[in-house]
Amino acid sequence: MTLRAALTGHGMGELRDVAELLTSEMVTNSYRHTEGLSSLRLRSVRAGRLRVGVWDGNSHIPAPFDKPPGAFGAPPAPPDSDSGRGLFLVRQCADAWGGWPLGDQLFGSGGKSLWFEVGGGSNS
């Protein structure tokens, strides 16, 4: 609800559905694969374009975030799998995405930042 309200309040309501889906997938992935702290940041990078970043203490950068947008990542999860599709939804629905290691910057023992952008055309 907070994401939807923030986007509506900043005149970016058309991004609500896709931003909410992709943010949910990234936050869930961070929760499932990281012990300890994590953080979410929303940022307007230009008119009509939103960047969502998720920081956590796990230094592993998963596919497809380990490659530039448009590059082939790991194969999607098998059809009968119960998990493994979230970050591929990001790859399919976001205009751009990426990831980088944090080193000791935030968590003192490594970590990463994953991000995606939606709306306002593509920078990639």
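Q: In what order do the four strands form an open sheet?
A: The order is β1-β2-β4-β3, with antiparallel pairing. Strands count as paired if DSSP finds at least two bridges between them. This is a predicted model: local features need pLDDT of at least 70, side-chain atom pairs count only at pLDDT 80 or more, and totals for chains, interfaces and linings use all residues. Residues are numbered from 1 along each chain as its sequence is written, and side-chain values use heavy atoms, leaving out hydrogens and water.

Q: Why do β1 and β3 stand at the edges?
A: Each has a single partner strand, so one side of β1 (38-46) and one side of β3 (96-101) is left without a neighbour in the sheet. From one strand to the next, the twist averages 15°.

Q: What makes β3 and β4 a pair?
A: Six bridges join β3 to β4 (residues 112-118) in the antiparallel sense. The requirement is at least two, so the two strands pair. Among the bridge partners are Trp 97 and, in β4, Phe 116.

Q: What are the three helices and four strands of the chain, read as a pattern?
A: Along the sequence the pattern is α-α-β-β-α-β-β. Helices (H or I, at least four residues) and strands (E, at least two) are DSSP runs, numbered from the N terminus. Helix α2 covers residues 16-33. α2 lies across β1, β2 (49-56) and β4, at about 170° to β4.

Q: Why are Arg 4 and Glu 20 said to meet in a salt bridge?
A: Their side chains meet at 2.9 Å, N to O. A salt bridge needs a side-chain nitrogen of Lys or Arg within 4 Å of a carboxyl oxygen of Asp or Glu, so the pair qualifies. Arg 4 is in helix α1 (residues 2-9) and Glu 20 in helix α2, 16 residues apart. The structure holds six salt bridges.

Q: Why is Arg 4 called partly exposed?
A: Its relative accessible area is 24%. Buried means under 20%, exposed over 50%, and partly exposed in between (1.4 Å probe, protein chains only). Arg 4 is therefore partly exposed. Glu 20, with 29%, is partly exposed too.

Q: What makes Lys 112 buried?
A: Lys 112 has a relative accessible area of 4%, which is under the cut-off for buried. Asp 56, with 3%, is also buried. The two side chains meet in a salt bridge (2.8 Å, N to O). Lys 112 lies in β4 and Asp 56 in β2, so the pair ties together parts 56 residues apart in sequence.

Q: How do you know that Arg 49 and Glu 117 meet in a salt bridge?
A: The N to O value is 2.5 Å, so the pair meets the salt-bridge cut-off. Arg 49 lies in β2 and Glu 117 in β4, so parts 68 residues apart in sequence are tied together. Both residues are buried. A network of salt bridges links Arg 49, Glu 117, Arg 51 and Asp 95.

Q: Which residues form a nonpolar patch on the surface?
A: They are Val 27, Leu 40 and Leu 42, with about 220 Å² of accessible area together. Patch residues have over 30% relative accessible area and no salt bridge; like charges are joined within 9 Å, nonpolar side chains (Val, Leu, Ile, Met, Phe, Trp, Tyr) within 5 Å. Val 27, in helix α2, has 37%, so it passes the area cut-off.

Note on methods:
Areas by Shrake-Rupley, 256 points an atom, 1.4 Å probe, with all protein chains shown as cover. Axes fitted to C-alpha atoms, helices over the stretch in contact; angles between N-to-C directions. Contact = heavy atoms within 4.5 Å.
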